[in-house]
Amino acid sequence: MPLEPVTQAFLAELAKADGPAMHESTPAIARLHAPILSGISGRGPEVGAVRDVKIEGRDGGRFRTRVLRPEGTPQAVVVYFHGGGWVVGDIDLQYDHVGRRLANATQSTVVMVNYRKAPEHPFPTAVEDSWAALTWTAEHGDELAPQGAPLLVAGDSAGGNIAAVMTRWARDRGGPAVDYQALVYPVTDCDLDRPSYLAPQNQLILTRDTMAWFWDHYLPDERARTHPDASPLRADSLAGLPPALVYVAECDPLHDEGVAYAHALREAGVPVALEEAAGQMHAFFQMAGILPGFEDGLRLVAEHINKFVAERTV
């Protein structure tokens with residue numbers, strides 16, 4: 001179906017703004033755009049408790065996580081990795097409201113990971129920081145939810161890429177045990193020539209040129225991008241990974257690689273639910289109060305998480 005009308009109107013307003021496209025800009029300038037949309041979305045609903053925790057990365061550098069605990073007893077712990085092409089995005093201006101909504105909708109403690117960004121901190125810093133956050137969460141699990149509560153990973157776009165990598169690292173490193181993965185329009189491969197990348201109608205808020213710009217900052221060596229820690233679709237085996245939700249946007253350059261990853265997981269014997277947000281473009285999952293797809297998308301992700309947790313605890 002065509003791009004839904006509210007998104008069309010939103011893009012028309014963006015087109016009136018004077019300024020270079022992201023791929024013609026610098027990371028510092030691109031990061032200045034965050035407060036504009038965050039001001040519309042707001043910080044999100046109240047939750048039971050909020051605290052920020054600093055974690056040390058492999059290189060000794062430190063980064064923040066935000067622990068969002070719902071009212072009442074949490075039923076699970078969700079480690080969430082935000083999007084932004086590994087270059088932009090943060091847990092303050094752009095994703096705090098997502099974490100709050102997810103915590104309340106799933107009755108789960110959500111740990112938002114503010115991994116360090118490229119180009120100042122190129123690959124593999126983002127995945128190494130995320131691994132440190134995941135292992136910290138597992139070590140402190142009894143403080144975050146009742147003993148035995150499931151541990152989930154989730155993320156959108158570049159964060160979906162990281163979440164996918166975390167499940168394989170956890171499998172290959174003997175834990176922590178990740179019980180479920182929710183991947184929202186994830187980056188799964190470095191191939192920018194799939195049909196959804198080349199389709200003119202998909203060159204919207206995220207374009208092929210923008211993704212090339214992100215990759216150039218995150219991992220400049222094009223040959224190294226095929227490593228499965230950067231392109232999880234290229235892993236030798238996806239067997240033994242946790243059940244997954246793969247949620248793609250119909251009008252998105254990343255559409256086809258998300259679908260390909262869902263199929264690869266399924267072929268490896270992993271239970272997978274593949275969902276498509278019809279008429280939605282990339283980035284809708286962070287646009288509360290801006291695009292109607294956010295409400296539908298958050299509801300769908302929460303339903304899949306809640307269904308998994310309910311079936312696991314029976």
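Mentor: A crossing is left-handed if the near helix is turned anticlockwise from the far one by less than a right angle, and right-handed if clockwise. Helices (H or I, at least four residues) and strands (E, at least two) are DSSP runs, numbered from the N terminus. The model before you is predicted, with local features needing pLDDT of at least 70, side-chain atom pairs counted only at pLDDT 80 or more, and totals for chains, interfaces and linings using all residues. Residues are numbered from 1 along each chain as its sequence is written, and side-chain values use heavy atoms, leaving out hydrogens and water.

Trainee: In which sense does α5 pass α7?

Mentor: The crossing of α5 over α7 is right-handed.

Trainee: At what angle do the axes of α5 and α7 cross, and within what distance do they come?

Mentor: Two packed helices are described by the angle between their axes and the distance between the axes. Axes are lines fitted to C-alpha atoms, for helices over the stretch in contact, and angles run from 0 to 180 degrees between N-to-C directions. Here the axes of α5 and α7 cross at roughly 60 degrees and come within 10 Å. The two helices are therefore oblique to each other (under 35 degrees is roughly parallel, over 145 roughly antiparallel, 65 to 115 roughly perpendicular, and the rest oblique).

Trainee: Which residues of α5 and α7 meet?

Mentor: Contact means heavy atoms within 4.5 Å. From α5 come A126, V127, E128, S130, W131 and L134, and from α7 come I162, V165, M166, W169 and A170. By class, this contact has 9 nonpolar, 1 polar and 1 charged residues (Ala, Val, Leu, Ile, Met, Phe, Trp, Tyr, Cys and Pro count as nonpolar, Asp, Glu, Lys and Arg as charged, and the others, Gly among them, as polar).

Trainee: How many aromatic pairs does the structure hold?

Mentor: There are 12 aromatic pairs. Rings of Phe, Tyr and Trp (its six-membered ring) pair if their centres lie within 6.5 Å; planes under 30 degrees apart count as stacked, over 60 as edge-to-face and the rest as tilted. One of the pairs is W131 with W169, edge-to-face at 5.8 Å centre to centre and with 70 degrees between the planes. W131 belongs to α5 (residues 125-139) and W169 to α7 (residues 158-172), so this pair ties together parts 38 residues apart in sequence.

Trainee: Are W131 and W169 buried or exposed?

Mentor: Buried means under 20% relative accessible area, exposed over 50%, and partly exposed in between (1.4 Å probe, protein chains only). W131 is buried at 14%, and W169 is buried at 7%. A further edge-to-face pair is F284 with F285, so classed because the ring centres are 6.5 Å apart and the planes lie at 85 degrees.

Trainee: How do α4 and α11 pack?

Mentor: α4 (residues 96-106) and α11 (residues 293-313) have axes 9 Å apart, at an angle of about 45 degrees. They are therefore oblique to each other, and α4 passes α11 in a right-handed crossing. The contact draws on H97, V98, R101, L102, A105 and T106 of α4, together with F294, E295, L298, V301, A302, I305 and N306 of α11. These residues divide into 8 nonpolar, 3 polar and 2 charged.

Trainee: How many residues of α4 are buried?

Mentor: 8 of the 11 residues of α4 are buried, among them H97, V98, L102 and T106. Beyond this helix comes Q107, with a positive phi near 50 degrees.

Trainee: Where else is phi positive in a residue that is not a glycine?

Mentor: S157 has a phi of about 60 degrees and lies in the loop between β5 (151-156) and α7; its relative accessible area is 6%, so S157 is buried. A283 has a phi of about 85 degrees and sits in the loop between β8 (272-281) and α11; at 10% relative accessibility, A283 is also buried.
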